[in-house]
Amino acid sequence: MKRHKETQSRYRVTGCCCAALMFFQDLSGAHSSVEPATPQAGRIANLWWVMFYVSVAVLALVTAALIYAVFRRRSAREQTAPVDLSPNTNRERKATRAAAVALAVTIAILFVLLGLSFTTGRAVSFLSNESPLEIKAVGHRWWWEFQYVDPVPSRGFITANELRLPQGRQIVLTLTSNDVIHSFWAPNLMGKKDLIPGQESRLIFRPEKQGVFRGQCAEFCGFQHAQMGFLVLVESDGDFSDWYNHESQQAVQPSNDSEKRGRQVFLSSTCVMCHTIGGTPANSNIGPPLTHLASRTSIAAATLTNSRENLAKWVTDSQKIKPGNRMPPNVLGPENLDDLLNYLTSLK
Amino acid sequence: MINERSKPGKAHIETATLDVERDRAELERSWETRPGFIGWLTTTNHKSIAIRYIVTAFIFFLFGGILAALMRIQLARPRSEFLGPDAYDQVFTVHGSTMMFLFAVPIMTALGLYFVPLMVGTRNVAFPKLNAFGYYVYLTGGILLYLGLLSNTGPDTGWFSYVPLSGPDFAPGKRVDIWAQMITFTEIAALVAAVEIIVTAFKMRAPGMSLNRIPLFVWAMVVTAFMIIFAMPAIMLASSMLATDRLTGVSTHFFNPAEGGDALLWQHLFWFFGHPEVYIIFIPGTGIVSTLIVTFARRIAFGYTALVLSLISTGFIGFGLWVHHMFATPLPQLGQSFFTGASIMIAIPSGVQIFCWIATLWLGKRLELKTPLLFVLGFVFTFVIGGLTGVMLGSAPLDLQVHDTFFVVAHLHYVLIGGAIFPLFGALYYWFPKWTGRLMNERLGKLNFWLMLIGFHLTFFPMHQLGIQGMPRRVYTYLPETGWGALNLLASIGAAVLTAGVIAFLINVFWSRRHGAPAGDNPWNSDTLEWATSSPPPSYNFLYIPTVRNRYPVWTVEPDTPVVAGLRTDVREALVTHTITAAPDHRYELPNSSIWPLVLAAATAVTFIGVIFTAWAIPIGAALTFIALVGWFWPNSEPAALEAERHRSLPTGDGLSLEQQT
Amino acid sequence: MQPSKSHIAKNIAVVLALFACASASCSRPIQSNAEVREVRLPSGLSGSNEPDDGQWLMPAKNYSSNRFSSLDQITVDNARDLKVAWTFSTGINRGHEAAPLVVNNTMYIVTPYPNILYALDLTKPGAPMKWKYEPKPSSAAQGVACCDVVNRGAAFYDGKIFYNTLDDHTVAVDAQSGKEVWNTQVGDINQGESMTMAPLVVKDKVLVGNSGGEFGVRGWLTALDASSGKIAWKAYSTGPDVDCLIGSNFKPFYEADQGKDLGVTTWPPDAWKIGGGGVWGWISYDPELNLIYYGTANPGPWNPDQRPGDNKWTCGIFARNPDNGEALWFYQWSPHDLHDYDGVNEQILIDLPIAGHTRKVLVRPERNGYVYVLDRTSGEVLSATPFAYITTSKGVDLKTGRLIYNPEKSASLGKVVREICPASPGAKDWQPSAFSPKTGLLYLPHNNLCQDAESVEANYIAGTPYVGMNVKMYAGPGGNRGVFSAWDPVAAKEVWSIKEDYPVWSGALVTTANVAFYGTMDGWFKAVNAVAGEPLWQFKCGSGIIGQPITYRGPDGKQYVAILSGVGGWSGAIVAGNLDPRDGGGALGFNNAMSDLPKNTVKGGMLYVFALP
Amino acid sequence: MSERSVLNCSELPEHAFDGRAPIWWGNLLLLAIESTMFGIVIACYFYFHQNFSYWPPPRNVPPTTYDTAPDLLAPTSNVILLLLSCVPMYLLDRAARAGKIKAVRIAIVVSIIFGAAAVALRCFEFRDIHFKWDANAYGSIVWAVLSLHFAHLITGTLETAVLGAYVFVRGLDAKHRVDLTVTAVYWYWIVGVWIPLYAILYWGPRLG
Amino acid sequence: MREGILLFPRPARRSPPALRLRVVGMGALALLIFQAACKREERGFRVQPPSASAAEGSRMTDFQPGPRTPESPVKNEYEDNAYALSEGKRLFQEYNCSGCHFNGGGGIGPALMDDEWLYGDKPENIFETIVEGRPNGMPSFRGKVPDYQVWQLVAYVRSLSGQVGSNAAPGRSDHMQTSSPEQSRPRESPKLSGKPR
């Protein structure tokens, strides 16, 4: 996998001496919910920071009160007095007042947070009028199918485990599942949404930052839930439409004999039972489509870098890499494997 | 206090001569459990049963802990091959299910079963045979789960077992069936315990312990018990529906959307139980904390009424926020807002409790930082963090980011370990002398506390950040490129420290049982009635049932405080009092030891385990259950003799003479 | 019947209907409209290929496909006296959907796979076998026949009998000697192609098409030279215009059908290559306009999510020039077909008075439940009226020509859509209707079926099914699964109807003496009064009937009626294929609706010929 | 021997009825649990209702019918029977309180007969739902409701029968008098909880 | 507080109960359970197909000339394994077996849930049918499906007519129900039948 883009860590208020901050300052990365790449994720990140600082303050106050309560100096008289069943001292009244104030402040804070939460919730589910890019995501055990729906059906296409998006355009993701419940989560882009078989749900966001972001299934879905990842590549409009146009083409034809033999291996072995390569008779969609396999940066649901060696390992014994996944181990002679890899790596 | 005096023929206060030795001997005889194995199987003594519960639950805690350790080893570094996905899925499912169903709820209700009768001043729980039955059923459920795990049939779909993943289509074999039946077993046990606790607390209090004088721990247990009664049926039904969906020859369609069923219904039912479940675990913890704080501050609880009301309101609101576990599902916005509101508002009663506790500590006398109190202080600090992250999770938009990530793992462990385990350990240190007559070692105790506190925060605090950085829950491994390795390693080291803490506790228990300092009857100078008898208490709890004048019966006991006399000592008799005022109402004979609870539990086990394999287990099991129930209800003694005996007004040759009335 | 909120009223109605249908034969005219209107057949359509009305040269009787005979010996009054004249066993146990041909006192019967052609000598008593021709098609072809291994008949032309074999060969057999004249392979079973349709011979061209919409084939219609068997032209139903023989003369009436390479752009990339659109139904021919008309079958796979777009040119009708195959117009019955509504039904060419003008029209009782009346010169929809209970659509927009789908009944992955009416076999499948110019009525054998369907992901593996839909069919409202009705195409309304327990899967026949014939799947061959719809006569055959009745004048001058019995086809696959009725999803969901059929009929092909004594 | 202030409870009775008795509270809590169960299954029933356009769905195997609301005869008779069965139960309750053993014996026999009749009729009710449990979610949930209540009917009847056997064999004692009154409460609940369920299951589909 | 007022009784010591009996009993029970459970619950990802090769010893008829020669039937271990059976069920859909045979009722291909077997019901017969194909329309999947998956399919196909234990056979699927679940199918007694279709 391509090294994720090192993003500049956001340096937050340093005044607070709470140890917690040591952790949360450095939330950088390609799959972080506080490194938003969309206004939607940004709103949520802001909500997070508000809540975070409020929490730090509340924790500090409570802890201080607790420490004081424990270590407060007691007078000797206080210490020896018998248990009073109806204490009505001045201190008691003060304590009551303090508790009431603390309660009032608590309620006030909670209402403020509630209000913020509502407004954020409304903001992130808002769909503006402009024409969005509609993409359908289907969850499979254990890979992601992304269908780019084009007004001209023949220009639409299906790709797997890599979602490419144009910068600055509103995206509407329609989500559904082919088997069990999955959850689509690319934290830099937006919160997660469950993919429920037989139902459709929707995510709306607008990527504003270019870069490579990582996402992953967030609802437990069986053996390879852990490695049901995907990449989101946010690109400039031009790059995106180049990619889009390329992607709606058929697979390239094999250019030499080895590649031709490789295609034959593909078409006459188990591969053809599950995969699609556009322009060939391989048209099954149990596994990810491989029409433009070589132009993807990763294989095996964003688990391995897309290299020839990894592809070889994956084709011959994927069960070692991701036990329980659906790709059967394939016994291919060295020559056949070589041809097959030549062919697969030619599928730009 | 006791206002029955005006009613002639009722209970009345008088001066009498008590033949203490004779009463004690007779009570010993009539309440003693038969010696030997049969006696062990037939006992209906709430303390024996509760101790079994506690020990069993703690063993399950250790099992769950071992599983947790396995997970932390697996996750310590990326791409670890220590456990494969199959083993890991079983491990995390059994870990979660164990901690929730076999440890947390049972150990809390067990504390209730032990201490509610003692704290309200009676001789046993209201239905002792039922109580024994509850334990056997619970034990069966636990053994079933672990036999499953050991035979590679451990459930592997998570403690939440979402359909369709856990349905017949995607979970072949019997793994999920074992989970579903384990649920049924443990929920039956929990419901039984809840009934016991409520009826005991409502009907069997010592004279004078009116509702507003009930100890806070008992209040907490009563609220918990009511929550159990309304929450557990949902999961029992849901797991039964899941089981029938999967059962050969039955194959219902409750969760098959294609035939009109619904996968989301499972989530609704599960979380309608699952969220209250958190409070079922946490509220007894607050009861413990209240008890311990009052004891150590040596002053009355600040805001008793506020504490009770916040417990009750927590109980109510706890049922109104299950949907916040489902914000990521396609639900209408309006519903989300309601549940966000409820989720955030439940922080208010928790806040009230925290403020009351701090005020009690603040206003109390100088605190001796003994191990139980340390655990309570650790609880307050930890639980506040868990509560604050809870507010974050309640917020629908933020939840979309952190839901189902390690942030939630961190949150729930802060709430459950912080909110229940810390108080529980405090309670174990606090009540250990009650059970054994010996104190636990204080130095080992402090070591235990600090190891656990540091280990805990080291383990779970980094998980907040892991969640924010995108690490989902329930993953058996992760890629090195994600950058989650360092924090995971830290968490795993923390887990090792935490484990060391638990080992220190175990050593302490085993050492102190033999060598601990003798505790005396009330080592902490506490005020609740369990300390008004010997440690450990006799089988009949109190030689004479005490009477109560205020909330602090032991602190305020006077030489002329009356005790209850006139209860029969030759049979197992207890006193039933008025639900609100706790005025003496009638005498109530409790059953003797009995084998039938075990038989009925066996019949239940045949039914529910059999139903994993065949639907015929239902009629066969029903017939067996009926036979067991007839045996259960059919009294042993001759009715005529019984009646004749009953018409006898008082024990003869007694130490209590009516003629000596004042 | 529309689903209404008033369930009580609905329930009462259903109960009443059930009572009404309680008699064992279950065949009563529900409505009778005695008004009979004379409608003239257009002059050019009487059939240049039809020298003598006593013969039966093509399954549809003539180019206008009206299955109307001017023989009049069997009348409303004497039909009750019909008796079996002779019978003939075909020796085959699969579904017999073919129409016998009668030419020169010889009867030709083509059987289902293995597609044996029998010639029976009508001049001799008992009609002994003259010869038989066995093409020995590949047995593997049975694996790509979606709905039983049927054959819908042969065609006679120029001294030859032409028909298709299941393994994609078109053969020409000398009608006299039974010798094979030519044999051309036109398709490939390894691509899932099979052939079941009856050819039509027009101007020395044998027109044949392929089946296999459930196997991811690419549909086509081919014209073979009648004398040599050479392929003259081949028009695909999907793909680029050049493959579809769409050129400059292509002038579809509606905008949706205009544009370049719609056969490619209305499909996801490459999907058109496996997009179905077979041509396995009926072709009609208008000699005057020199146009052939034929329908294209469903797009593949059934799961519509896998093929967004209108999926041209499936589920539509082409008008083509038979000489070079050039398309003149196209109209799509069911754009982006959701429910397997193949558009291959018969089109009956007549001239009808519409709004005061006599229009050259094409009447098409379509699978989606509407009787369409199209202007056959332009492809304009003149009317589209439901003849069955429909929930899947809400009518046809006559402005755009587009079917208005009911969005509630559209499938999406993993979702079960309930009460889809009509079911996938449609309100009327291939079973051809007859039209009587005498009564002006269309005689419609059809189904009353609904279904529940669930789309699942379909995987294309060449040579294996490509469907992606779980289906469970059942009877529509009323509980009867079939109807035989008379339809007035001018008034666009039903005149009378007879409810049948099973789908009426046989063709219809009507004579000038106002007797209409059809058969039922439990084996009854029936004659009814074409005007009033009352039953005249019925005979229980050995096996269920899914064939096409014909009538002819024997060498003795008597009028005979012939029908092949032998249950099978999609609807009868449960019997013909020994299917297990416990699997309701079997036979693409038809098993569920027909699970009681094995109790009521058994398989076995047999020709029955009836005559008056 | 020591002399001290005591609360002498020796004159207190050895049993009490209704809210004074622990067993009555135990029973009440059991009924609370079971009522919650019924509440949840009925909630599920309405939840599933949303997934169907026809409720109950058409029976889609031959002979197909769209009129699949459950038959009314058996269930309605059973409701009437159950309501009537409260009368002997009430008499049993009263006789038990008064300690009249003869009245108790008569009432308990009548109650058992009523209970057994209700159980028998319920078997027909299962038949009269036109779906089996594995036909669809409607069948599943209706069977669940019926079975759950059926279990209570059987339990209630058997419980009465066991108590009846006891009363005939061993006569009437204080403890079992309380038990009899509690059984009556249980039976009232069985009947009471069924009325809304009956309305929902049998009339709901016809009126909706 | 003043001790003694409430008259603390002395505790009575109880002897600890004998646990050993229970432990031993449980152990024995567990061993029994493990035997059955391990076979059923194994999730084999990198599995070897059953020991015997199908090509040898596959015989389609009981009738043979000369004296009877013993048969060595192939034992398909997947038939006891719930995971393999569920994988077989999935592959049955994904590789389009269900396209012709539907859920066992048949359609284009023959019914698989009944007692009639054209080409033999033994695991090795079914294995051959899948790999080699059969002349009346059954395509050959040679080289297209790995052996272990074929064996999974074989196990599943036999479950369609109730030939495998109901505790391992698949339950109802989350799809529209068209037939009873495999685990509830009555066990048919397979008959070799060349009954023409």
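In the predicted model, the rule finds one salt bridge across the interface of chain B and chain C. The partners in this salt bridge are B:Glu259 and C:Lys472, whose closest N and O atoms lie 3.6 Å apart. On the side of chain B that touches chain C, the residues divide by class into two nonpolar, one polar and one charged. Four residues of chain B and four residues of chain C take part in the contact. Between chain B and chain C, an area of about 250 Å² is buried, and carbon and sulfur atoms give 34% of that area. One residue pair is in polar contact between these two chains, counting pairs with both residues at pLDDT 80 or more.

Nine pairs of chains touch, and the most contacts among them are between chains A and B. Chain A and chain D, by contrast, do not touch, and their nearest C-alpha atoms are 12 Å apart. The interface of chain B and chain A joins 91 residues of chain B to 95 residues of chain A. The two chains bury about 7,700 Å² between them, with 70% of this area on carbon and sulfur atoms. Of the area that chain B buries against chain A, 9% is supplied by B:Trp362, B:Gln401 and B:Ile468, more than by any other three residues.

Several helices of chain B give two or more residues to the side that touches chain A, among them helix 4 (85-120), helix 8 (263-297), helix 12 (371-394), helix 15 (442-468) and helix 16 (485-515). The largest share of this side, nine residues, comes from helix 11 of chain B, which spans residues 347-363. By class, the side of chain B that touches chain A consists of 54 nonpolar, 22 polar and 15 charged residues.

Within chain A, five strands form an open sheet of mixed pairing in the order 3-2-1-5-8. Strand 3 (157-160) and strand 8 (201-205) of chain A each have a single partner strand, so one side of each is left without a neighbour in the sheet. Neighbouring strands of this sheet are turned against each other by 25 degrees on average, direction ignored. Strand 1 (residues 133-140) and strand 5 (residues 171-177) of chain A pair in the parallel sense over seven bridges. A:Val138 has A:Thr176, in strand 5 of chain A, as its bridge partner.

Another open sheet of chain A has five strands in the order 4-10-9-6-7, again with mixed pairing. Its edge strands are strand 4 (162-166) and strand 7 (193-195) of chain A, each of which pairs on one side only. Strand 9 (residues 211-217) and strand 10 (residues 229-235) of chain A pair in the antiparallel sense over six bridges. The bridge partner of A:Phe213 is A:Val232 in strand 10 of chain A. Helix 5 (residues 237-247) of chain A packs on this sheet and touches strand 4 and strand 10 of chain A. The direction of helix 5 makes about 130 degrees with that of strand 4 of chain A.

Conventions:
Residues numbered from 1 in each chain as written. Chains lettered and ligands numbered in written order. Predicted model: local features only at pLDDT ≥ 70, side-chain atom pairs only at ≥ 80, totals over all residues. Heavy atoms only, no water. Contact = heavy atoms within 4.5 Å. Buried area = accessible area lost by both parts, 1.4 Å probe. Salt bridge = Lys/Arg side-chain N within 4 Å of Asp/Glu carboxyl O. Polar contact = N/O pair within 3.5 Å; in protein donor to acceptor, adjacent residues only side chain to side chain. Nonpolar A, V, L, I, M, F, W, Y, C, P; charged D, E, K, R; others polar. Pairing = 2+ DSSP bridges. Helix = DSSP H or I, 4+ residues; strand = E, 2+ residues; numbered from the N terminus. Axes fitted to C-alpha atoms, helices over the stretch in contact; angles between N-to-C directions.
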